[in-house]
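Biologist: I am new to this structure and would like a close look at one part of it. Please show it first.

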Amino acid sequence: MIAIYPGSFDPITLGHLDLIERATRLFSRVIVAVLRNPNKTPLFTVEQRLKQIISATSHLPSVEVDSFDGLTVNYAQMRQAGVLLRGLRAVSDFEIELQMAHTNKTLSTQVETVFLATSNEHSFLSSSVVKEIARFGGSVDHLVPPHIATDIYQCYSQIPLWENPMTTPRE
Ligand code: ADP
């Protein structure tokens with residue numbers, strides 16, 4: 001069975017990676033699919049994220065990394081995947097994820113959404129949390145793979161403080 005793991009992965013965290021590793025034990029192939037979402041302004045381009053995910057999953061031979069746009073179920077059908085994989089961290093995830101799973105079911109009865117619960121130690125972890133810590137100069141070494149931490153530090157060292165609404169000095 002082929003599973004698609006769709007998301008923004010801006011950037012991929014150890015929480016995502018843990019989910020991917022566990023999914024490789026359940027599915028013959030796991031396609032990590034970066035959504036090209038014109039409604040979001042990401043920290044990393046889709047191409048940068050693809051490179052980051054490819055190197056973070058290079059030890060997992062059954063993982064493929066790709067990007068897509070449009071409806072996730074259409075992409076899943078195009079890739080002949082029977083499963084959409086999503087992670088659940090907290091009750092707050094559940095509501096939106098359930099709505100999304102039901103919506104996708106109305107679009108295609110061929111694709112099942114499968115939820116994997118986060119590991120305890122990653123239950124607080126999100127890409128936004130990582131970016132928030134790094135933006136204020138904190139260490140994210142324990143939250144993302146090493147090469148991605150380097151990318152993040154480099155990225156924030158290039159963003160001028162006055163372009164960051166959180167640090168704009170008061171007049
Ligand atoms: P999206 O914008 O689609 O939510 P994300 O990259 O934020 O994209 O997340 C992709 C998927 O990974 C979602 O199902 C999310 O719930 C899950 N996820 C994110 N962080 C974790 C984590 N720490 N543990 C388990 N699942 C996670």
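Which residues of α2 are buried, and what do the buried residues of α2 pack against?

Modeller: This is a predicted model, in which local features need pLDDT of at least 70, side-chain atom pairs count only at pLDDT 80 or more, and totals for chains, interfaces and linings use all residues. Residues are numbered from 1 along each chain as its sequence is written, and side-chain values use heavy atoms, with hydrogens and water left out.

Helix α2 covers residues 46-56; helices (H or I, at least four residues) and strands (E, at least two) are DSSP runs, numbered from the N terminus. Its buried residues (under 20% relative accessible area, 1.4 Å probe, protein chains only) are Val46, Arg49, Leu50, Gln52, Ile53 and Ala56. Seen down the axis of α2, they fall within an arc of 165°, so they line one face of the helix; the arc is that of the directions from the helix axis to the C-beta atoms. They pack against α1 (14-24), β2 (29-35), β3 (63-68) and α6.

Helix α6 (residues 146-158) packs with α2 at an angle of about 155°, their axes 9 Å apart. Axes are lines fitted to C-alpha atoms, for helices over the stretch in contact, and angles run from 0 to 180 degrees between N-to-C directions. The two helices are therefore roughly antiparallel, a term for angles over 145 degrees. Gln52, Ser55 and Ala56 of α2 make the contact with His147, Ile148 and Asp151 of α6, where contact means heavy atoms within 4.5 Å.

Conventions: Parallel < 35°, antiparallel > 145°, perpendicular 65-115°, else oblique. Buried < 20%, exposed > 50% of the residue type's maximum accessible area, 1.4 Å probe, protein only.
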